[in-house]
Each structure stands twice: as C-alpha cells, then as structure tokens.
Amino acid sequence: SFSSSMSTNITQDPFYFILVGIPGFEGYHIWISIPFCCFYIISVIGNTSILTVIHTEPSLRQPMYLFLSMLALTDLGLTLTTLPTIMGLFWFNVHKISFEACFAQLFFLHGFSFMESSVLLAMSFDRYVAICRPLHYASILTNEVIGRIGFTIICRCTLAVLPSLFLLKRLPFCASHLLSHSYCLHQDLIHLVCADTRVNNWYGFALVLLIIVMDPLLIVLSYAMLLRSVLGVSSRAERLRALNNCLSHILAVLVLYVPMVGVSMTHRFAKHNSPLVHVIMANVYLLAPPVINPIIYSVKTKQIRRGIIHLL
C-alpha cells in the first residue's frame, strides 16, 4: 500500500517527512489541482490588489484601511506558506519534505493563522472606536498607535509559536514519518512522536485558551458594547449605517472561526471518520480566509472597489 511503502522509504532516510494529498484520490491529483490553483490565484491577486490600492491611494491612509492591509498581508502569507507543498504534490508528485522545511512551514502556517485572529481582534477595536467614540477616533488610533499594534501582533504570534517548535524539535520521531496532510501541522507531527508529549499538549492547550478562545470572546465583547451604543441612537438610518460599516468585519470573523470550529469538532468528535473528511476540513480552514476576505472587502467597501477598478 501507499502508506506502508512510504513508511518503509522514510525509515531509510530519517531526515524527511512524507506529505499526503487527497486520500483515495491520488490518481486524480492533476484534476484536483485545478480548483486549488484557482483559489491560490484569487487569493494572491485579491490580496495584492487590496495592498496596492491602499498603498497608492493617499485617502486610504486611515486606521480601518491600515488594519485591512495587515489582514491582506497575513492572508497573502498564509497562501504562500501552503502553496509550494500543495501544488508541488499535485503537479509534480513531490511527497518528501525535509525536517527543516517542515518546521519552517509549521512556524509560518501557525504564525499566520494566529496573526489572522489577532488582526481581526484589532479590527474589532477599530470598529468600536469608530462607531462609539467617533470624535476621538483620529486621536486614539494614530499611525504610531497602529504601528505599535502591528508590532505587538507580530511579537505575540512569534512568541506563541516558537516554544511549541522548540518543544517538538527535541523529541524523537517514530519509524513512520507519514503525515496526513499536504503541509506540516503541529497536531499532525505530534502524533508521530515516540515520547511523552504532555508538556507539548499542555502548552498547546494554553495557546488555544490564550488565542483561539480569548480572541473571539474579546471580539464578541467589543460587538456587544458596540451594539449597546448603536441601539441607543435614535435614528433607524444611523443604526443601519453603523451596522453596515461592521458587516465586512463580521463576515471576515465568521470566515475564520466557523471553519476553525469545524476542524476542532471533526478532530474531537469524528476521529474515526474517513481521513478525507479531516483533509477537506483542514483545507477549507486554511484556504477560506485568504480567498474570501479580498472578495468580501472588494464587494462591501466602496473605496477598495473603486481602487481595484481604477487599477484594472
């Protein structure tokens, strides 16, 4: 079988992991690559266009658009992190990835995932200040403050991922180095370790609480405070306008957290399901935000839409 032959090969060459495509559809990888290629093209062109529009249009040097450029950069980073291994596997049947490349991909993949969550939290604060403290908006969110927020996000995500990498790298791996995805994930690698992983598991649990649980809770809290403020406004038109200003951000939050919850649920409650389910859910989680976010902001944000049309 594919798995056993790959496992045998890898024990003779222990400095590599083996990536897997779509289980049961190995013969159709060239056809499966077509939608993946389309998604990557949409993500790269969409996010690059948003960054170009914000960079070239002086009127868009506002906090909301600076945070949007952070989101586009994060999405672009996430796309370019998985693109080489996924398309390499589909197009050229490259299954091997070295330890060093695998750990580098793991670092960037988890780092950009956490960054996505952190940027969306910063954007919820931006929306709260814009709607609830409009007169103080410019004085609170100065370029210096936004720069500090961006630097804090980078430090937070780097410091969150690095310890888990060091904890994982010190452990011995079993004879089988066969992964279950076409990219390197921490939860995938930890299953191949032949040692006590309690420290890694506890650290992973702490990370989940500090980022994956805390960020959406803080986003919900900021929207609860925002809603309370908006409902206090007398005019119905003003209420609708305020909520419409938040719609793009709400959709971006849903695009990130709904697949994230889906992946967690399948890992927790559908462990014995077909590997295909886990692979599809993981790919949706990694590809949905970078592909859908630029579409959301291009459709819903008039200034971005105009800028992209002007570029074309």
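Let's start with Cys 132, whose sulfur is 8.5 Å from the closest cysteine sulfur, that of Cys 246, and this is too far for a bond. The cut-off here is simple: a disulfide is a pair of cysteine sulfur atoms within 2.5 Å. Cys 132 is buried, at 13% relative accessibility. On that scale, buried means under 20% relative accessible area, exposed means over 50%, and partly exposed is in between, with a 1.4 Å probe and protein chains only. Cys 155 is in no disulfide either, as the nearest cysteine sulfur, in Cys 157, is 9.5 Å away. With a relative accessible area of 27%, Cys 155 is partly exposed.

Before I go on, a word on the ground rules. This is a predicted model, so local features need pLDDT of at least 70 and side-chain atom pairs count only at pLDDT 80 or more, while totals for chains, interfaces and linings use all residues. Residues are numbered from 1 along each chain as its sequence is written, and side-chain values use heavy atoms, with hydrogens and water left out.

One is formed by Cys 102 and Cys 184, with their sulfur atoms 2.0 Å apart. Cys 102 lies in helix α4 and Cys 184 in the loop between α6 and α7 (186–189), so this pair ties together parts that are 82 residues apart in sequence. When I say helix or strand, I mean DSSP runs numbered from the N terminus: H or I with at least four residues for helices, E with at least two for strands. The torsion about the S-S bond of Cys 102 and Cys 184 is about -120 degrees, so that disulfide is left-handed. Both of these cysteines, Cys 102 and Cys 184, are buried.

The other disulfide joins Cys 174 to Cys 194, at 1.8 Å from S to S. Here Cys 174 sits in the loop between α6 and α7, and Cys 194 in the loop between α7 and α8, so the pair links parts 20 residues apart in sequence. Cys 174 is partly exposed at 24% relative accessibility, and Cys 194 is partly exposed too, at 45%. If you number the bonded cysteines in sequence order, the pairing reads 1-3, 2-4.

Now for charged pairs. A salt bridge here is a side-chain nitrogen of Lys or Arg within 4 Å of a carboxyl oxygen of Asp or Glu, and that rule gives 4 of them. One of these joins Arg 156 and Asp 215, at 2.9 Å from N to O. Arg 156 lies in helix α6 and Asp 215 in helix α8 (residues 198–231), so the bridge ties together parts 59 residues apart in sequence.

Another salt bridge, between Arg 148 and Glu 144, has an N to O distance of 2.7 Å. These two are 4 residues apart in helix α6 (residues 143–169), which puts about one helical turn between them. Arg 148 is exposed at 54%, and Glu 144 is exposed at 52%.

What about the nonpolar side? A nonpolar core, in this analysis, is a set of buried Ala, Val, Leu, Ile, Met, Phe, Trp, Tyr and Cys residues joined through side-chain atoms within 4.5 Å. The largest one has 87 residues, and those with the most contacts inside it are Phe 17, Leu 68, Phe 173 and Ile 304. Helix α4 gives the most to this core, with 16 residues. Taking contact as heavy atoms within 4.5 Å, Leu 68 touches Ile 50, Ile 54, Met 123, Tyr 297 and Ile 304, not counting residues up to four places away in sequence.

Staying with α4 (residues 99–132), Phe 112 lies in this helix and is buried at 18% relative accessibility. Beyond its neighbours within four places in sequence, Phe 112 is in contact with Thr 74, Gly 77, Leu 78 and Thr 81.

One last stop, for those of you who check backbone torsions. Most residues other than glycine have a negative phi. Asn 93 is not a glycine, yet its phi is positive, about 60 degrees. You'll find Asn 93 in the loop between α3 and β2 (96–98), and it is exposed at 53% relative accessibility.
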